Amino acid sequence: MGCDRNCGLIAGAVIGAVLAVFGGILMPVGDMLIEKTIKKETVLEEGTIAFKNWVKTGTTVYRQFWIFDVQNPEDVAVNSSKIKVKQRGLTRYRVRYLAKENITQDSETHTVSFLQPNGAIFEPSLSVGTENDTFTVLNLAVAAAPHLYPNVFIQGVLNSLIKKSKSSMFQKRTLKELLWGYKDPFLSLVPYPITTTVGVFYPYNNTADGVYKVFTGKDDISKVAIIDTYKGKKSIYAVFGAEINLKGIPVYRFILPSLAFASPLQNPDNHCFCTEKIISKNCTSYGVLDIGKCKDGKPVYISLPHFLYASPETSQPIEGLSPNEEEHSTYLDVEPITGFTLRFAKRLQINILVKPARKIEALKGLKQNYFVPILWLNETGTIGDEKAEMFRNQVTGKINLLGLVEITLLSVGVVMFIVFMISYCACRSKRVN
């Protein structure tokens, strides 16, 4: 009888040990198997579920705009006073709804290149106002003239055309004209062939954005769909910010750091964005990046909205700005197992550098340089409720279930082993006594 009881206790302890060991082994092995399964379907290559959804995204992506409406245009042009702006919006367009084109895989670098066709559909029910609302904004053509044509004689000729067209430093334009293009009256008088249509995003519809090159995730699943280069140049980067929960899915939030807009002295990677010494104060100013080389020499600068993280002197001549990180920072919410971006907000501000030009009457009253904010945008997308549920079921749900099984086996096994061993020792002790 005693032998049967002791054998039973030992058997129970052995079973507990086996369960504990199995639970412990299941942790790395099970995780490896699930990761292998997930990786197979989340790599960006022909035949995977991820590739099909990536070619033409099912997530609705919006580009939201806020326009800086200038309140005192005459005072600025005549007296070079501070520019008083009033933010108006938001206006929402649906973008990135067209399938990617010219997709080319590179198995050696584990990247895929593509073009993203551009298209924008106005969403009136999700917008404040209409595309025909008017704003007082900088005259893009007049402001760019002295930058594109620094020669004094040519500026004199251009000045006569500006006056003849009754153009000035500021103008009234509809939202649709400002964003997508309008025929400029001043440029229309230029006696040689030039593009006479002007707009912040002109041309846009029926064009393609790219070439993008992103990682497929074949060699490192955490890099899937992350941009390697854009138009052959390194993309901007983000840093880890926090771990948050998105619709029941744990994600890592990566944010665009202030260093991305720092001066070349603080961030040498930004040396190509400093093209002159005077405006940039010998390349020590920060918060705005010169992208004129990408815009045919036009004085276009990008920043974060409301000059977030910018040098104080950049926003000093502008009234009506109120930068804050929550509304104006850029971030990506990335699911760490698959590397998929499940939510993002790309926020940028478009600014035009305006400086005095004594041969152009519309600008000769200026006594200082201005980074004039035109608008800021928020391009955003979030995984839908249906896809989030599918993601939870197919990815996080399975992982959580496996984790529960692992912990249960390990816990039950350890408890059984300890209880049965204690019981066995107690029996042996009584028997000896």
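**Exercise 1.** Find where Lys247 lies in this predicted model, and decide whether Lys247 is buried, partly exposed or exposed.

*Solution.* Begin with the position: Lys247 sits in the loop that links strand 13 (239-246) and strand 14 (249-255). Next, take the backbone, where the phi of Lys247 is near 55 degrees, a positive value in a residue that is not glycine. As background, most residues other than glycine have a negative phi. Last, consider the relative accessible area, which is 34% for Lys247; because buried means under 20% and exposed over 50%, Lys247 counts as partly exposed.

**Exercise 2.** Describe the peptide bond from Gly89 to Leu90 and the one from Tyr202 to Pro203, and locate Leu90 and Pro203.

*Solution.* Recall that most peptide bonds are trans. The bond from Gly89 to Leu90, however, is cis, with omega near 10 degrees, and Leu90 is part of strand 2 (residues 83-95). The bond from Tyr202 to Pro203 is cis with omega near -10 degrees, and Pro203 is found in the loop between strand 9 (197-198) and strand 10 (208-215).

**Exercise 3.** State how many helices and strands the chain has, and what share of its residues is buried.

*Solution.* The chain contains nine helices and 20 strands, and of its 433 residues, 44% are buried.

Key
Residues are numbered from 1 along each chain as its sequence is written. This is a predicted model: local features need pLDDT of at least 70, side-chain atom pairs count only at pLDDT 80 or more; totals for chains, interfaces and linings use all residues. Side-chain values use heavy atoms; hydrogens and water are left out. Helices (H or I, at least four residues) and strands (E, at least two) are DSSP runs, numbered from the N terminus. Buried means under 20% relative accessible area, exposed over 50%, partly exposed in between (1.4 Å probe, protein chains only).
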